[in-house]
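Hi,

Here is the structure I said I would pass on. Have a look at it first, and then read my notes below.

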Amino acid sequence: MKWGAPPTAEDLAALAEAALAAIPEALREAVRGTAILVEELPDDETLEALGLEHPWELTGLYRGTPLTEKSVLDPPSGPDLVLLYREPILVEWVESGEDLFRLVRNVLIHEIAHHFGYSEEGIARLEGEG
């Protein structure tokens, strides 16, 4: 797809929805109820908590309790969230030349892996196997 103007948050949300629809049904069912939101940039509090200095260092974030840590005995909490950050994704897209759909899909899958309890190191190992 060619872009005449920078893709909007709505454009990225549509790409994320298409990417989610393309993953295996069993995985889609496991993330049902997880909200996918597109925001312009991570906030200062998030950057500080992650030890990041610049907002373009973070393309996505999983907020919630990983499935490996959930219990039916836990009190209900808010919904799990996958946040996609528009500006950092667009910067990576321009700098890497990667197809935008592939990039959004990769960020989404990376954050969904956190939902399943994978650490950054575990995700890196999985990505290295691909």
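**What I found**

The protein has six helices and three strands as its secondary structure. Starting at the N terminus, the order of elements is α-α-β-α-β-β-α-α-α. Keep in mind as you read that this is a predicted model. The protein has 130 residues, and 34% of them are buried.

**The salt bridges**

I began with the charged pairs. Side chains of opposite charge can pair when their charged atoms come close. How many salt bridges does a search of the whole structure find? It turns up two.

One of them joins the side chains of R86 and E40, with 2.8 Å from N to O. R86 sits in helix α4, which covers residues 86-96, while E40 is in the loop between β1 (35-39) and α3 (44-50), so this pair ties together parts that lie 46 residues apart in sequence. Are the two partners buried or exposed? R86 counts as buried because its relative accessibility is 14%, under the 20% cut-off. E40, at 34% relative accessibility, counts as partly exposed.

The other salt bridge is between E98 and R102, whose closest N and O atoms are 2.9 Å apart. Here E98 is partly exposed at 28% relative accessibility, and R102 is partly exposed too, with a relative accessible area of 41%.

**Helix α5**

Next, take a look at α5, which runs over residues 100-115. Its 16 residues should span 22 Å at 1.5 Å a residue, and the C-alpha atoms at its ends are 23 Å apart, which agrees. At the start of the helix, a side-chain oxygen of D99 comes to within 3.2 Å of the backbone nitrogen of F101. After α5 comes G117, which has a positive phi, near 95°.

Which residues of α5 are buried? They are L100, L103, V104, V107, L108, H110, E111, I112, A113, H114 and H115.

Of the elements, α5 gives the most, with five residues.

**Two more places to look**

P88 is in helix α4, the helix that also holds R86. P88 counts as buried, at 1% relative accessibility. Where is W56 in relation to it? The C-alpha atoms of P88 and W56 are separated by 4.3 Å, and the two residues are 32 apart along the chain.

Then there is I123, in helix α6, which takes in residues 120-129. I123 is another buried residue, with a relative accessibility of 3%. From I123 to I109 is 9.7 Å in space, C-alpha to C-alpha, and 14 residues in sequence.

**Where to start**

If you want a short tour, I would go in this order:

- the salt bridge between R86 and E40;
- I123 in helix α6.

Cheers

Definitions and conventions. Residues numbered from 1 in each chain as written. Predicted model: local features only at pLDDT ≥ 70, side-chain atom pairs only at ≥ 80, totals over all residues. Heavy atoms only, no water. Salt bridge = Lys/Arg side-chain N within 4 Å of Asp/Glu carboxyl O. Helix = DSSP H or I, 4+ residues; strand = E, 2+ residues; numbered from the N terminus. Buried < 20%, exposed > 50% of the residue type's maximum accessible area, 1.4 Å probe, protein only. Expected span 1.5 Å × (residues − 1). Polar contact = N/O pair within 3.5 Å; in protein donor to acceptor, adjacent residues only side chain to side chain.
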